[in-house]
Amino acid sequence: CRGRAACLENSALILDASCLGQLSCTFNQAPIGNSSCVWSLEEDQDNFGVCENNKGPIGHNSCTGYMACHNNTGTIGDNSCNGFQACLNNNATIGDDACNGLMACDQGILINADVEFPSHIVADQSCEGDFSCLGNRGNVSILGCIGETSCSGNTGNIGYKSCDGLRTCASNSRPIGEMVLTMEELADMDEEPAGSCVNPQKLAGDADNDFTGACEYNTGMIGVGSCRAPAACCGNSVEIGDNECEEFEECNECD
């Protein structure tokens with residue numbers, strides 16, 4: 001609790017080395033772990049608190065960055081939501097090592113809209129990369145949505161190891177791959193499911209300006225191990241089964 005009004009009117013347990021910065025945990029109502037809710041100690045009249053108005057539990061080493069967990073009402077695990085406005089206005093259940101990157105899992109635009117959207121689950125080790133899961137409203141499996149802008153604006157459920165790569169599943173609206181939301185579920189499986197909607201590029205700097213990600217703008221259900229190439233299934237509108245559309249631009253309906 002270092003910084004101007006850092007823990008003003010706090011009503012919950014805060015562990016060591018947490019709530020550092022101006023207004024960092026002002027009006028906090030939920031427990032916060034070690035080394036979480038950290039931002040600049042410099043005073044700035046325009047600086048909103050990193051975990052100001054927090055109402056959901058936050059784990060260890062989470063929520064570092066400007067407004068990273070501001071107005072959070074969901075649950076945030078360990079080593080998650082680190083980056084500028086990562087998890088801003090979050091109402092999801094976020095696991096460990098998830099939502100790290102510039103505006104990763106930022107729900108600001110949607111939560112402040114006239115319509116309130118239901119909560120969702122973001123599993124461990126998912127939504128990694130700048131703008132990944134920005135405005136996402138779908139459930140995301142373990143190791144889902146990896147890479148810049150992956151699953152940005154997504155409203156569908158994302159399966160295990162699916163939507164891996166730059167712009168993959170951005171603006172997707174349908175289920176993709178096989179859902180695996182917990183490590184226990186994964187351990188009970190006879191075989192690890194293959195991911196869908198994968199391209200090797202992860203960063204915008206790795207691609208041309210006109211690059212489109214696998215399953216970007218998809219509106220059709222996609223099975224397991226499908227659409228594993230750049231631009232594959234972009235704009236797809238039909239149901240795609242397992243292990244299909246694995247070549248560059250295959251099953252692409254984008255203009």
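**Exercise 1.** Decide whether C19 and C25 are buried or exposed, and describe the bond between them.

*Solution.* Begin with accessibility, where buried means under 20% relative accessible area, exposed over 50%, and partly exposed in between (1.4 Å probe, protein chains only). By this rule C19 is buried, and C25 is buried as well. Next, take the sulfur atoms of C19 and C25, which lie 2.0 Å apart and form a disulfide, a term for a pair of cysteine sulfur atoms within 2.5 Å. Finally, the angle about the S-S bond of C19 and C25 is -85°, and the link is left-handed.

The model is predicted, so local features need pLDDT of at least 70 and side-chain atom pairs count only at pLDDT 80 or more, while totals for chains, interfaces and linings use all residues. Residues are numbered from 1 along each chain as its sequence is written, and side-chain values use heavy atoms, with hydrogens and water left out.

**Exercise 2.** Explain why the disulfide of C81 and C87 is called left-handed, and why C81 and C87 count as buried.

*Solution.* A disulfide joins C81 to C87, with 2.0 Å from S to S. The torsion about this S-S bond is about -80°, and therefore the disulfide of C81 and C87 is left-handed. C81 counts as buried because its relative accessibility is 0%, and C87 is buried because its relative accessible area is 0%.
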